[in-house]
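Dear colleague,

Please find below the structure that I am handing over to you. My findings follow directly after it.

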Amino acid sequence: MNEENSMNLDDRIGKETILYGYIAVSASQNRLSHNFNKALKEQSIDGMMIPMNIREDDFYFTLANMKKSHVNGAVLSLEYQKEILDLLDDSSETVKKSGGCDFVKREGQTLRGYFISADVVKEFIKAHKNIKKIAIIGDEPLARGLALLLKDCEVSFYDKEIEKLLAMSRDLHMDIDINYLSPNGIDFSGYDMLIDTTTDDISSAVAKPSAMNLDLKDSKSFSNLKSFEGYRGFDNLLDFFTIHLIEDIK
């Protein structure tokens, strides 16, 4: 078996093995499972993450059956982070406030949801101490989660629909810096980081990028920011996701 695509370096599951899934339409193409399993082996932790290629039509069936399975939890890719909400029995405050869930844990026969991407991005930002001024495009759960967490940074939010940012401000009970994302192009060069939380085509809206340009789409997906210098994507955050998930196991 190709090590790059293997479930872990031994491909063995015992009775006490902690099992996680990575759920996406194209989960096997993402490196998270490999990165996580490699770290588990290095730390002698009996655990495994299994990539699960799940079509949209099968998502509800798969997650509903997880309550009676031996899977302890699952990481959800971008396309399913809102779909899961109706299946949760309980959720963290961040899930309730952001409206998204990217990590679900089985507790008995119930599912509890968490949203860890915002924490991961915050840790990534902390690792780059020169990042102080940030522009965030969109009003998606990641944008809302970052609004709650990045209180030590100067953050501005951009959207094609100002009303959505106003609703986000009301929902979070926060005053945020609201800006119109003009299709004629915005100069983001004055920011240390630009974060795209959308799945939209924003290429015409970025006249000049920032020094660092981040999105969390799957590495195989199209990203408008990939053409810019200083691009960072999901693969650049793998170690931060892995550390967060291993701490959850411990």
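F59 and Y80 are both buried in this model, which is a predicted one. Their rings form a stacked aromatic pair, with 4.3 Å from centre to centre and 15° between the planes. This pair links distant parts of the chain, as F59 belongs to helix α2 (residues 59-66), while Y80 lies in the loop between β3 (73-76) and β4 (90-91), 21 residues apart.

A second aromatic pair, formed by Y158 and F188, is edge-to-face: the centres are 5.0 Å apart and the planes stand at 75°. Here too, distant parts of the chain are linked, with Y158 in strand β8 (residues 154-159) and F188 in the loop between β10 (186-187) and β11 (193-196), a separation of 30 residues. Y158 counts as buried because its relative accessibility is 8%, under the cut-off of 20%. F188 is likewise buried, since its relative accessible area is 0%.

The count of aromatic pairs comes to 10. Another ring, that of Y191, has the charged end of K133 sitting over it, 5.2 Å from the ring centre.

Turning to the strands, β1 (residues 18-24) and β2 (residues 47-53) run parallel and are joined by 7 bridges. Within this pairing, L19 has M48 of β2 as its bridge partner.

Yours sincerely

Note on methods:
Residues numbered from 1 in each chain as written. Predicted model: local features only at pLDDT ≥ 70, side-chain atom pairs only at ≥ 80, totals over all residues. Heavy atoms only, no water. Pairing = 2+ DSSP bridges. Helix = DSSP H or I, 4+ residues; strand = E, 2+ residues; numbered from the N terminus. Phe/Tyr/Trp six-rings, centres within 6.5 Å; stacked < 30°, edge-to-face > 60°. Buried < 20%, exposed > 50% of the residue type's maximum accessible area, 1.4 Å probe, protein only. Lys NZ or Arg CZ within 6 Å of the ring centre and 35° of its normal.
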